[in-house]
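User: I would like to learn how to read the sheet, the helix packing and the ligand shell in a model. Please take them in turn.

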Amino acid sequence: MNFNDRRLEPVWEKVRSGERLARADGLTLFETDDLLGVGRMADHVKAAREGDRVYFVINRHITPTNVCVLSCRFCDFARKKGQAGAYEHTIEDMIRMVRDGVREVHIVGGHHPEWPFEYYERLIGAIHAAHPEVQIKAFTAAEIDYLWRRWKIEPKEALTRLKAAGLRSMPGGGAEIFSARLARDLRYTGKADPDRWCEIHGIAHALGIRTNATMLYGHIETVAERVDHLLRLREQQDLSGGFLTFVPLAYQVGPAKVVARQTPPTDSLRTIAAARLILDNFPHVEAYWVVLGEDTASIALHFGADDVNGTLEDERIQHMAGAQTPAGLAREQLFRIIRDAGKVPVERDALYNVVQVWDERAGAAVPPERRGTVQA
Ligand code: SF4
């Protein structure tokens, strides 16, 4: 591999030989002008793991409420109780949101001042009873931590009971960026700090609950803070091993306007590629089309991403912050994102069990016996 920036050559030697990247390598990935060189290395890693496969899931986002006791500076979604625009779904409403054919329900919401832990437990139990075939991915580590702060339910007890009610996995939100400086400047000190966020994911992993991890980037963070965030996630994965997917979240410039403009696609591509290279123990890195836009998500499939998330149906949090993408993409549009990149769409469930491989080159869906075997 030839690079325009010779500083990438020793990084490539490590990538090629399977040697773990150091913090200085991570900084180089973010600082170099050779974006395509970074992307080629990440694509090499992705292809070695997954060939041409790119995953998607037929899923449904449910956001039970936007009422939240906190006031994170970057958040355009939260409202105070009684404020215009505040809403609270009933459990019956939320059961009705789950259509036939949905494989994963993704549930995250505000830190409600009054809903007790039992409300969330009932919610999971009710959705599970009404739709036992649907895998429920619910509640960030920040929400689980809030349930302890508000109701003194220890995370281990909360997660054990939620799992018994039907919880299968957890999303990766609430991590923001692991930085005390940013927690102060962006007013998220009321949330689980990095130690607590990682502790809760470790507890979930020990209970057999797989989880995701996120990073909110493209605001006032530094490159070093991004690298340190990724290294902390890698360290936690070494310890507890239950992370499935890293989901980089580009900050959406909405009314809160923490910065004047959305970070450019080149920054998102670089971030996805750097994550693929640094997070050598994460199975998957996602190109979340909602925050990237469909075109950038498609290009990101050449920069190390192997997943585009899913159909969502009713994404609220990023759209209230101004995301311009449609609130839920039909399966055919997800196919287009993946096929425009020359990749093979693979429908998965919440835990990455393969449901169907859609190999256009085979002219149709690949028969079940070939599932999971498509290579570049
Ligand atoms: S980011 Fe989450 S915790 Fe913070 S104000 Fe918004 S809904 Fe509340």
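User: In what order do the strands form the open sheet, and what is the pairing?

Analyst: Strands of a sheet pair through backbone hydrogen bonds, either parallel or antiparallel. Here seven strands form an open sheet in the order β2-β3-β4-β5-β6-β7-β8, with parallel pairing. At the edges are β2 (59–62) and β8 (284–285), each pairing on one side only. Two strands pair if DSSP finds at least two bridges between them; strands (E, at least two residues) and helices (H or I, at least four) are DSSP runs, numbered from the N terminus. This is a predicted model: local features need pLDDT of at least 70 and side-chain atom pairs pLDDT 80 or more, while totals for chains, interfaces and linings use all residues. Residues are numbered from 1 along each chain as its sequence is written.

User: How many bridges join β3 and β4?

Analyst: Strands β3 (residues 104–107) and β4 (residues 135–138) pair in the parallel sense over four bridges. Val105 has Ile136 in β4 as its bridge partner.

User: Which residues surround the ligand?

Analyst: A residue is near a molecule if its C-beta atom, placed from the backbone, lies within 6 Å of it. The ligand is surrounded by Cys68, Leu70, Ser71, Cys72, Cys75, Phe77, Ala78, Gly110, His111 and Lys191. Six of the shell residues are nonpolar, three polar and one charged. Nonpolar covers Ala, Val, Leu, Ile, Met, Phe, Trp, Tyr, Cys and Pro; charged covers Asp, Glu, Lys and Arg; the others, Gly among them, are polar.

User: At what angle do α1 and α2 pack?

Analyst: Axes are lines fitted to C-alpha atoms, for helices over the stretch in contact, and angles run from 0 to 180 degrees between N-to-C directions. Helices α1 (residues 8–17) and α2 (residues 23–31) pack at about 125°, with axes 10 Å apart.
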